[in-house]
Amino acid sequence: LTLTGCGQEAKPAQAGELLRSKAKLPAPFQAELPIPPTKKPLRSDAKADYYQVVQRKASIEILPGLKTEIMGYDGLLPGPTFDVRSGRTTIIEQVNQLDVATVVHLHGGHTPAPSDGWPLDLIMPENGGHGGHHMMGDGDTTMGKRTYTYPNTQRAATLWYHDHTMDYTAPQVYRGLFGLHIIRDDEEDNLPLPKGDREIPLVIADRAFDADGSLLYPALPTGPGVEPKYMEGVIADVTLVNGAPWPVHEVDAVRYRLRILNASNARRYELAFDRPPATFVQIGSDGGLLDKPIDHASLVIAPAERFDVIVDFTQYQPGDEVTLINKLDGNANVMRFRIARKAVDDTRIPDKLSSYAVTPRPSGAVRREWRFRRGNAGDHRGWTINGKAFDPKVMQAQVPLDQYEIWTFVTDVHHPVHVHLAPFQVLSRGGSSKLSAYDHGWKDTVDIRPAEVVEVLVRFSAHKGKYLIHCHNLEHEDMAMMAGFETV
Ligand code: C2O
Ligand code: CU
């Protein structure tokens, strides 16, 4: 079923345009790996925890000796981590003290439509700013703040939250509007996996810096007939992990659990260790635990994907250093682990992690096809889905709740495809039901290679309203590779 002869060459995985920093860059492995702070609720009652987040500018030191102005949740890059329980509601008041309009989306969340972050449900700046590029639109716009309700009625999983403002998601995420939202449950807590400070989030994002330390991001020319310059996506020459450039982290010679998120706008990574025997034992995917662990010598991770892995450092000696590298970029550095000491390890990776239902292909499932292509639609130059540029007034599908559907994604070049509201299971790739090593478990983002066809099984439940399917290369998304659908 792989498309051939359609005139599209298979491109190398790194298809974006590289932005090069003008600032003096530090040597790698100097900065300590930061761990984003866990957000504390303002109050709690029987059912819910209540939080407030202030979106604001901040001037922070990312490169040594230079100040970088960011737009951050609570002024942080990444924002604070929400650490919540499955089934317990999280209510977050988001205050916008920036000078542009914003929208917050919980990526991977089973979220009611009014809180899902429709790209025109804008939060206008509190200080009476005019919202930058944005006018009061057709969405449900609020002034200064907005309260988002996340029921967290889903399994334990590593989710993340980020900006989702129509046409400006890429620059606003790039400037700092992203953070983790971790859901925990009893099933996962009861497994003998590494916990506490042996469970580490790694949020990987590439950025480029001007000579004065400010973030470099191209102005994307838009408007009728304008050919955008950064059409393929922005990739940059500094790799940040949890906001620090090529950091180092000291570990004991034991097993660690790493929750890896690729928060980059467009860059893919093939993560590997430079020094055996460390590999990755995957225990979870976007939507939580796998049924059983999968071994990977390397890990290909596209924008917005999450891999939950166990890495075993027990074979190393104190003083050893193991570097996490990106094989897609000539073994470029990502970060380093430094083995500090031998220590007791009573963890184990069970052969059986979870028993989620792998649903056989249901007969009579409704089929829909989503074609992701470069294209012009009227005056729009950019990317399209089913030949259409994103139009917030157009719903491309009416999807009944509680019904199995098989969605087919078809691409021209490489696109990481993301669906809101419900996770899916990959059924086939390139016409074969033999999946890639990275397709297992519940996914909400699936990387579709050039001229490839992937089928997924999806079923939406509980929430009626407007939701999105889009490419998670954020420049593709802003150049309209997004479509609304309505659950009914
Ligand atoms: Cu991570 Cu619609 O987004
Ligand atoms: Cu794309």
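**Entry 1: V84.** I looked up V84 and found it buried, with 21 other C-beta atoms within 10 Å. My cut-offs: a residue is buried if 20 or more other C-beta atoms lie within 10 Å of its own, exposed if 12 or fewer, and partly exposed in between, with C-beta atoms placed from the backbone. This is a predicted model, in which local features need pLDDT of at least 70, side-chain atom pairs count only at pLDDT 80 or more, and totals for chains, interfaces and linings use all residues. Residues are numbered from 1 along each chain as its sequence is written, and chains are lettered from A and ligands numbered from 1 in the order in which they are written.

V84 sits in strand 5 (residues 82-85). Strands (E, at least two residues) are DSSP runs, numbered from the N terminus. I listed the contacts of V84, leaving aside neighbours within four places in sequence: D49, T90, N152 and I183. Contact means that C-beta atoms, placed from the backbone, lie within 7 Å. I also checked A156, 72 residues along the chain from V84; their C-alpha atoms are separated by 9.1 Å.

**Entry 2: strands 3 and 4.** Strand 4 (residues 68-73) has 5 of its 6 residues buried, so it is largely enclosed by the rest of the structure. Strand 3 (residues 48-60) pairs with strand 4 in the antiparallel sense, over 6 bridges. I count strands as paired if DSSP finds at least two bridges between them. K57 has M71 of strand 4 as its bridge partner.

**Entry 3: cores.** I looked up the largest nonpolar core and found 88 residues, with I204 and V241 having the most contacts inside it. Such a core is a set of buried Ala, Val, Leu, Ile, Met, Phe, Trp, Tyr and Cys residues joined through C-beta atoms within 7 Å. Its largest share, 6 residues, comes from strand 13 (residues 199-209). Domain 1 (27-187) and domain 2 (196-341) each give this core at least three residues. I204 touches, among others, T239, V241, I260 and Y269, not counting residues up to four places away in sequence. A second, separate core has 32 residues, including V426, V454, C471 and A480.

Entry 4: I traced 5 strands in the order 18-26-25-20-23, with mixed pairing. Strand 18 (248-252) and strand 23 (299-301) stand at the edges with a single partner strand each, so one side of each is left without a neighbour in the sheet. The twist averages 25° from one strand to the next. Here axes are lines fitted to C-alpha atoms, and angles run from 0 to 180 degrees between N-to-C directions. Strand 20 (residues 269-273) runs antiparallel to strand 23, joined by 3 bridges. Y269 has I301 of strand 23 as its bridge partner.

**Entry 5: domains 2 and 3.** I noted three domains: domain 1 (27-187), domain 2 (196-341) and domain 3 (366-487). The bounds come from an automatic or database domain assignment. The C-alpha centres of domain 2 and domain 3 lie 25 Å apart. Across this pair, 25 residues of domain 2 are in contact with 22 residues of domain 3. On the domain 2 side, strand 21 (280-285) and strand 22 (288-296) are the elements that give two or more residues. Strand 22 gives the largest share, 4 residues.

**Entry 6: strand 21.** I found 5 of its 6 residues buried. Strand 21 and strand 22 form a hairpin with 2 residues between them, and 5 bridges join the two antiparallel strands. G284 stands opposite L289 in strand 22. Strand 21 also runs antiparallel to strand 24 (residues 306-312), through 3 bridges. There, V281 has I310 as its bridge partner.

Conventions: Two residues are in contact if their C-beta atoms, placed from the backbone, lie within 7 Å.
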